[in-house]
Structure formats: structure tokens, C-alpha cells
Amino acid sequence: MTPSPDISRLLEIMAALRTPATGCPWDLEQNFATIAPYTIEEAYEVVDAITRGDLDDLRDELGDLLLQIVFHARMAEEQNAFAFGDVVEAITRKMIRRHPHVFADKGGKLTPSHVKEVWDQIKAVEKAERAARRPPEQATPTSLLSSVKAGQPAMTRAMDLQRKASTVGFDWNDPRAVLSKIREEADEIEAALDRNDTGELAEETGDLLFALVNLARHVGADPETALRGTNAKFERRFGYIERALVAKGRSIADATLAEMDALWNEAKRTEQSASPSSRRTPGSIPRDLST
């Protein structure tokens, strides 16, 4: 078996891996549920490569994500449900249908906002058609929020739920009102801490996270992207602490919180001096990760 840019080679490889007796033991014991977490992980790896601007890595990660699609398609084919070709046909049909201004109405001149409007209208028709094909026993009550995909990461789904609710006016009018809600949720967490109620603490923490996503939406920030930036910032400054301690012949395991806090602020000041546009004041490790 040799590498090839042809998709058929990848399909052959997956078929070989899933062939009983001669295939890979690990691949053979997998099913849709066990592979699903890897599919999500690979999608995040694609986003990470894009965020880092690493196109070589992006090429590899897109391949890993494609493998996940091929894997699912192969398992479905084994159950006589559908094959990889059916997946390709379904998405090509969908793309042609959702872009009539490109593939049907050649004279159509649409703005990006109009394209989105047409896209949403066609999606609504497709959703109604899928619902009509379901057996009566599978029918579910319709809701404004039912179109929000359940399998999304919680933060992304929170954003989509809020956006959908906002279309009928169920929304805050001012970001400051959301900020007030965040303070309210923080107070409720403090009260739960006083009661030492772990169940309530988990629930109130979820409420706070939901409110923070709402704030991000109102100020035009993508919460996932924002958090990725903060994660990178934390890694960068924590790395500074580690390097500074090594330079002093110290181990981070032996350092006190006060020492690490001081080095954190030192890292922060170093970054601020390199970025004069920053207007925020220094803070400590647990209280402030901002620049």
C-alpha cells in the first residue's frame, strides 16, 4: 500500500484496517460513539493550526479530520446505511441547492447579508423536509431553539442559543446589563460557597459561564477565540516563570506562590513594555490574566 493524493487510496486503507481477521485490532473494535470524541478533537486541532498560522500543520490536521469522516463512512457502509460516496453526494447536492445565485440564477447579484438570508430560508425548507420524512413516533415538539445543534461544544451552543433567542427580542439591550447579570451570578456563587453546596456551586458556575458568553456576544467577541487567546497568554507567562526560576537554579516545584506571583507580574510588565498600546494595570496569577 503506497500513499496517493487520490481519495480512493484513503478509502482502501480504511477498508483494510476494518477488515476482520487481517485488519487493525484497535480500529476493528471502534464504533460511532467511541470515534466521536476523536472527531471533535481533530476539529479543534484544525482550529489550533489556523490560529497559529501554521499551514503545514493545517494540511496534516485537515488530513486527520478527513480520516475521521472516512472512518465514520466506512462503519456506516458496513451496516449498509451509506458509504463515503453518499456523503459526498449529499453535501454537493446541499451546496448546489443553497447557492442558487451561483449555480442556478447566474445573473443574481447578492450581498453577503442577502446570501445569509437565502441560506437560512433554504435550510428551513430542508429541515421541514427532514421532519416530514421521520416516522410519527420520532416527531418532537417544535421550538425556536430546536435548530441549535445539540452536539456542539457547550460554549458554542450557548452562543447559538442566545443568538436564536435574540431573534424574537429575548435579549439584553445593553452590554452593561449583561455585566450586571455577571455580578449577580458571582454573588450567587459566593452564597453557594458559604453553604458549601457542591451541586449548587456547579449549577451557579454554569450560569456564570453562560452570562460571560452572553457578554462576549454583545461586545462582538467570539468566546472560544477569546479563551484560546487567554490560554496562550497563560502558557506564555507561566513559561516565563519556569525559565526565570531555572535561571536562578530553582525548581518551580519548590517555589512559593508569592515568588511565582512576583514573576508573573514581571512577565506581564515585560509584555506591556513591548506593547505600549496596552492600557491595563498589572495583576496577579489568580486574579488577572489580562495584558
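## Close-up views: aromatic rings and surface patches

View 1. F234 and F238 both sit in helix α11 (residues 223–247), 4 residues apart, which is about one turn of the helix. Helices here are DSSP runs (H or I, at least four residues), numbered from the N terminus. This is a predicted model, where local features need pLDDT of at least 70 and side-chain atom pairs count only at pLDDT 80 or more, while totals for chains, interfaces and linings use all residues. Residues are numbered from 1 along each chain as its sequence is written, and side-chain values use heavy atoms, leaving out hydrogens and water.

**View 2. Aromatic pairs.** Rings of Phe, Tyr and Trp (its six-membered ring) pair if their centres lie within 6.5 Å; planes under 30 degrees apart count as stacked, over 60 as edge-to-face and the rest as tilted. By this rule there are 3 aromatic pairs. In one of them, W26 and Y38 have ring centres 5.8 Å apart and planes at 80°, so the pair is edge-to-face. This pair links distant parts of the chain, with W26 in helix α2 (residues 25–28) and Y38 in helix α3 (residues 32–52), 12 residues apart. W26 is partly exposed, with a relative accessible area of 37%, and Y38 is partly exposed too, at 35%. Partly exposed is the range between buried (under 20% relative accessible area) and exposed (over 50%), using a 1.4 Å probe and protein chains only.

**View 3. Back to F234 and F238.** The ring centres of F234 and F238 are 6.0 Å apart and their planes are at 15°, so this pair is stacked. F234 is partly exposed at 33% relative accessible area, and F238 is partly exposed at 29%. Together with W264, F234 and F238 form one aromatic cluster.

**View 4. A nonpolar surface patch.** L144, L145, V168 and F170 form a nonpolar patch on the surface, with about 410 Å² of accessible area together. Patches are made of residues with over 30% relative accessible area and no salt bridge; like charges are joined within 9 Å and nonpolar side chains (Val, Leu, Ile, Met, Phe, Trp, Tyr) within 5 Å. A salt bridge is a side-chain nitrogen of Lys or Arg within 4 Å of a carboxyl oxygen of Asp or Glu, and accessible areas come from the Shrake-Rupley method with a 1.4 Å probe. L145 lies in the loop between α7 and α8 (154–166), and L145 is partly exposed at 34% relative accessibility.

How values were computed: Helices (H or I, at least four residues) and strands (E, at least two) are DSSP runs, numbered from the N terminus.
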